[in-house]
Amino acid sequence: TPWIIGFVVFYAGPMLASLAFSFFEFDLVNPEDARFIGLDNYQQLFGDSLVWESLLVTVKFAVIMIPFGLALPLLFAWLLTAKSLWGKPFFRTLFFMPTIVPFVSSVFIWNGFLNTSGGWMNKFLEWVGLPGPDWLNSTVWIYPSLALIGAWGVGNAMLLFIASIQGIPVELYESAEVDGANTWHKFRGITVPMLTPIIFYNLVLALVAIFQYFLVPFVLKNGTGDPANSTLFYSLYFFKTAFTFNDMGYGATLAWLLFLIILSITLLLFATAKYWVYYEFEEA
């Protein structure tokens, strides 16, 4: 009963309310002036260039961040489970520690680190004789910069990969060694296939997180979308519409479009999982 009450009050109720709002012209400042307008908000979506621009921004970042955000923790986990590595508990703690730092504080740290004039990254590049780019104010470098900031929090995914790698039967590696497999062959033929359930899990979470990506561009650029709207992510545009311009009716419509996009992509991933995700307990 407590769970049902919490679900109805905090999840189902707000979702149904937002669905109702999407059929109204509803101003947060003057809620008494709300009026029913039918599908007008949904029709507005197709003519709103910022909707498609913000979706394109989100997709561009997803193309960079998702492969990077999956490969990096997998690489760390693979290295930190190597038998020959000294001090594995120390390095695991070191890589996980950033996840416990408040994320807003992390954004400010990275803002200083990537600062063009006095940031440590450009100072290091100058030290090795390379010109430092304008990380946060260039439409070319803003997405790599955001990907670097995202790499700050790969500790959770890394721990999942470590636990999964440690759960792979040692006999598989021993048999492969008998057949003459080297380290790369074992990683490609045993480690990766056995990790596909965790890769799939992290992939779904990453896609959902990317389409809800909000805090970093909001704090980093004060919600302006600079430079040249390259940080105007969909969630940021939804937030500005609903809570800056107080257009809750159209904001609710944007929220439902986001819900449908995430639902569609998730269902597509689950539909394709049977072709590439391997579960040990399944029969061949």
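What follows is a chat about a predicted model of a protein.

Student: Ok, what am I looking at, and how many helices and strands does the protein have?

Tutor: This is a predicted model. The protein has 13 helices and 2 strands.

Student: What does the C-alpha trace span along its principal axes?

Tutor: About 75 × 55 × 35 Å.

Student: And what share of the 284 residues is buried?

Tutor: Buried residues make up 39% of them.

Student: Take Phe10. Where is Phe10 found?

Tutor: In helix α1, which covers residues 2–21.

Student: Is Phe10 buried or exposed?

Tutor: Exposed, because its relative accessible area is 61% and the cut-off for exposed is over 50%.

Student: What about α1 and α13, at what angle do they pack?

Tutor: The angle is about 120 degrees, and the axes are 7 Å apart. The two helices are therefore oblique to each other. Their crossing is left-handed.

Student: Then α12 and α13. At what angle do those pack?

Tutor: Helix α12, residues 234–244, and helix α13, residues 248–276, pack at about 160 degrees with their axes 7 Å apart. That makes α12 roughly antiparallel to α13.

Student: Why does that angle count as roughly antiparallel?

Tutor: Because angles over 145 degrees are put in that class.

Student: Is the crossing of α12 and α13 left-handed or right-handed?

Tutor: The crossing of α12 and α13 is left-handed.

Student: And how about α3 and α7, is that crossing left-handed or right-handed?

Tutor: α3 passes α7 in a right-handed crossing. Helix α3 spans residues 49–79 and helix α7 spans residues 142–151. They pack at an angle of about 40 degrees, with their axes 10 Å apart. α3 and α7 are therefore oblique to each other.

Student: Switching topic. How many salt bridges are there?

Tutor: The count comes to 2 salt bridges. Side chains of opposite charge can pair when their charged atoms come close.

Student: Which residue does Arg35 pair with?

Tutor: Arg35 forms a salt bridge with Glu25, and the closest N and O atoms are 3.3 Å apart. Arg35 lies in strand β2, residues 35–36, and Glu25 in strand β1, residues 24–25, so the pair ties together parts that are 10 residues apart in sequence.

Student: How accessible are Arg35 and Glu25?

Tutor: Arg35 counts as partly exposed at 45% relative accessibility. Glu25 also counts as partly exposed, at 41%.

Student: Which residue does Lys186 form a salt bridge with?

Tutor: With Glu177, the closest N and O atoms being 2.9 Å apart.

Student: Is Lys186 buried or exposed?

Tutor: Lys186 counts as buried, because its relative accessibility is 16% and the cut-off for buried is under 20%. Glu177 is partly exposed, with a relative accessible area of 47%.

Student: How many residues along the chain separate Thr231 and Val216?

Tutor: They are 15 residues apart along the chain, and their C-alpha atoms are separated by 9.4 Å.

Student: Which peptide bond is cis around there?

Tutor: The one from Asp226 to Pro227, with omega near -5 degrees. Pro227 also lies in the loop between α11 and α12.

Student: What about backbone angles, what is phi of Asn222?

Tutor: Near 55 degrees, which is a positive value in a residue other than glycine. Asn222 is found in the loop between α11 and α12. At 65% relative accessibility, Asn222 counts as exposed.

Student: And what is phi of Ala228?

Tutor: Phi of Ala228 is near 55 degrees, again positive in a residue other than glycine. Ala228 lies in the loop between α11 and α12. Ala228 is exposed, with a relative accessible area of 64%.

Note on methods. Residues numbered from 1 in each chain as written. Predicted model: local features only at pLDDT ≥ 70, side-chain atom pairs only at ≥ 80, totals over all residues. Heavy atoms only, no water. Helix = DSSP H or I, 4+ residues; strand = E, 2+ residues; numbered from the N terminus. Buried < 20%, exposed > 50% of the residue type's maximum accessible area, 1.4 Å probe, protein only. Axes fitted to C-alpha atoms, helices over the stretch in contact; angles between N-to-C directions. Parallel < 35°, antiparallel > 145°, perpendicular 65-115°, else oblique. Left-handed = near helix turned anticlockwise from the far one by under 90°. Salt bridge = Lys/Arg side-chain N within 4 Å of Asp/Glu carboxyl O.
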